[in-house]
Amino acid sequence: MSLTPIILIILTFIVNFIMDFSFWSIMLSLAYMGGMSTAGSASDLDLLVKLSLASVLIPGILAEIGPFERIFVFSQGGRKAYGEDAMLLEEGLHEICRRGNLDPSDYHLYVGLRNEYNAFSLGKSIVVFAPLLRQFPEGEVIGVMAHEMGHIRNGHTWANLLCVGMEWFGQIIVMVYNTIFFICRLLIWIPFLGIVINLFALFISLQYNILYFILQIPMLLISRFGSRKEEYEADAYACHLGLGRELAGGLLRIESIYGGGNSGFFQSLMNDHPDTPKRIERIRKIMGDKHSANSDVWD
C-alpha cells in the first residue's frame, strides 16, 4: 500500500474523532441542563473519549465485513449480475486473474444500474455500470476492470472502505442536527421560547457544520491529489497485466461520450481524476517501455 491511503485513514480518523467528540460534548451538556446527569470532570472526559472512539472505530471495523461492503455497493447502484452481463464480467475477471496470478473467488462482481459509462471498486468488489458493460468492446471492458483491480491490489479500496465506515456516524450527526434545526424552526411561533429554541438550535447547527467544513478542507485537498495518484497507480497495474492499450481505448471512448480533455487550473484542482490525455500519455510510456520492439502499438 502506498503512503497516501494511510495518510487519508489517519486524517479521516482525526477529523471524525473531533466531530464526534464535539457532538457527545453537546449531548452531555444537554444532559446536565436537563438534570439527567451531574458534572464529573475527569470521568466526563474519559466518557467522551470512549464514546468518540467507539463512534469512529466500530463503524470503520464493521465496514470491512462482507455484508457491510455489499450494503455500500448496493447504495452506490451495484446489483448482482445475471445472464449475459454475468458472463461478460466473469470472463473479464478470469482473464485478469489469469494474467495476475489471482484467485477469481476472492473477488465479487456487480453490474451498476445507473445510466453511466463508468466503473468503480470497493473492498474486493468491482462494479461495471450497464451502459459501459453492454456497449463497449469486450477488450475495453476488461481494460477498465483491470484498472479497478489495480485499485484493489494497491490497497486503495480497503482504505476507502475503512474511511467510509469511520465517516458513517458523522454523516448521521449532520442529519440529526439539520433535522432538529428544521423542527425547531416550526416552533418559532411560540413567544420568546420559540426564539430561544431556534437560536440555540441555530448555534449548534452552525457550530457543527462550520467545524465539519473547516476540518474537511485539508482532507478534501489531500484526497483530491491522493485520488489522482491512485488513478495513475491503478492504470499502471492494468499496464502490468498487459491491458494498458485496452484501458486507454476505454478511457478515450468514455471521454468521447462525456467530453473532457485538458481541464483548466481550477477545474483540475477540484477533479479527483487526472485529465484523460495525461493518463493516456502515462499509459503510452509504460506500454512503450514494455513493448519497445513494437513501436506501432498505439497506431
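Analyst: What follows goes through the salt bridges pair by pair. This is a predicted model, in which local features need pLDDT of at least 70 and side-chain atom pairs count only at pLDDT 80 or more, while totals for chains, interfaces and linings use all residues. Residues are numbered from 1 along each chain as its sequence is written, and side-chain values use heavy atoms, with hydrogens and water left out.

The structure holds ten salt bridges, a salt bridge being a side-chain nitrogen of Lys or Arg within 4 Å of a carboxyl oxygen of Asp or Glu. One of them joins glutamate 231 to arginine 279, with the closest N and O atoms 3.8 Å apart. This pair links distant parts of the chain, since glutamate 231 belongs to helix 8 (residues 193-240) and arginine 279 to helix 11 (residues 276-290), 48 residues apart; helices here are DSSP runs of H or I with at least four residues, numbered from the N terminus. Glutamate 231 counts as buried because its relative accessibility is 7%, and arginine 279 is likewise buried, at 5%, where buried means under 20% relative accessible area, exposed over 50%, and partly exposed in between (1.4 Å probe, protein chains only).

Salt bridges that share partners also join Glu95, Arg98 and Arg99 into one network. Within helix 4 (residues 83-100), arginine 99 and glutamate 95 lie four residues apart, about one turn of the helix, and their side chains meet at 2.7 Å, N to O. Arginine 99 is partly exposed because its relative accessibility is 35%, and glutamate 95 is partly exposed at 21%.

Terms used:
Helices (H or I, at least four residues) and strands (E, at least two) are DSSP runs, numbered from the N terminus.
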